[in-house]
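Colleague: I am new to this model and would like a close look at one part of it. Could you take me through the paired strands and the surroundings into which they lead?

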Amino acid sequence: MLLHRIHLDPRCKEVRRDLADYYQLHSTLCRAFSKADKKCPPGEFLWRHEPETNAKGLSQILIQSRNLPDWGGIGIKGWLHSVDASIDLKNKLQLQQLSPGQRFRFRLRANPCVTRKGKRFGLMQASEQESWLEKKSHLHGFQLQQLPSFALTEPENYRIDVRIAEEKLLKGKQHSGNSITVFSVLFEGILNVTEPEKFIQTLESGIGHAKAMGQGMLSIIPV
């Protein structure tokens, strides 16, 4: 797993286009991970548009990939302002030594949703979003901390200790012309690893739907 941070120049019209359409941004990023005459391999990379700009006011994109990218393959003059050195996450985070009980601070931009009659609907209430994330944690090898409660009754109605840092309605357009709308939530908090192998798989493959819209990448740092 390799982590890359790139900085985009908003003076470039294609950058402004891509930041307004995350599906198009994903398509542009794909050029760095595939040859011009081939499609991007499925699951090759995850990405997230960070809410903070850098010191120069430039937009930042975090990308986690299986292989090293060829940024020259993007082929748009002025699109890429600068690139930070790539990081080998398995070595940096010492994932080969991961054990149950380890704690990490995390950030996850995801699409909390439910499926009804074949259609996905975004979860708008904070309690629903937290419940969605907690259910995902049980499936993906980690556990979220609970907020302390002073209630003397109904102890099952606890809440998890997670911060909802941002909510967005994202829109994009597929190459076929179909419009895409995705409800996006940026979660931040602290997690405990419960199943190391499953957790590593989660870091590699992400959580939830809409990965082509920049959702699902779980980032962690040791506490």
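Modeller: Strand β10, which covers residues 162–173, runs antiparallel to β11 and is joined to it by 11 bridges (strands count as paired when DSSP finds at least two bridges between them; helices, H or I runs of at least four residues, and strands, E runs of at least two, are numbered from the N terminus). This is a predicted model, in which local features need pLDDT of at least 70 and side-chain atom pairs count only at pLDDT 80 or more, while totals for chains, interfaces and linings use all residues. Residues are numbered from 1 along each chain as its sequence is written, and side-chain values use heavy atoms, with hydrogens and water left out.

Between the two strands of this hairpin there are 5 residues, and G177 takes a positive phi near 100°. Within the pairing itself, I164 has F187 in β11 as its bridge partner, and F187 is also one of the residues with the most contacts inside the largest nonpolar core, together with F106, L191, F199, L218 and I220. That core has 31 residues; such a core is a set of buried Ala, Val, Leu, Ile, Met, Phe, Trp, Tyr and Cys residues joined through side-chain atoms within 4.5 Å, where buried means under 20% relative accessible area, exposed over 50% and partly exposed in between, with a 1.4 Å probe and protein chains only. At least two of its residues come from each of β6 (103–110), α4 (126–139), β9 (142–144), β11 (179–193), α5 (196–205) and β12 (218–222), and β11 supplies the largest share, 5 residues. In soluble globular proteins, nonpolar side chains tend to be buried together.

L218 shows how these parts meet: leaving aside neighbours within four places in sequence, L218 is in contact (heavy atoms within 4.5 Å) with Q64, F106, R107, L108, F142, L191, F199, T202, L203 and I207. There is also a second, separate core of 25 residues, and L25, W71, L170 and A210 are among its members.
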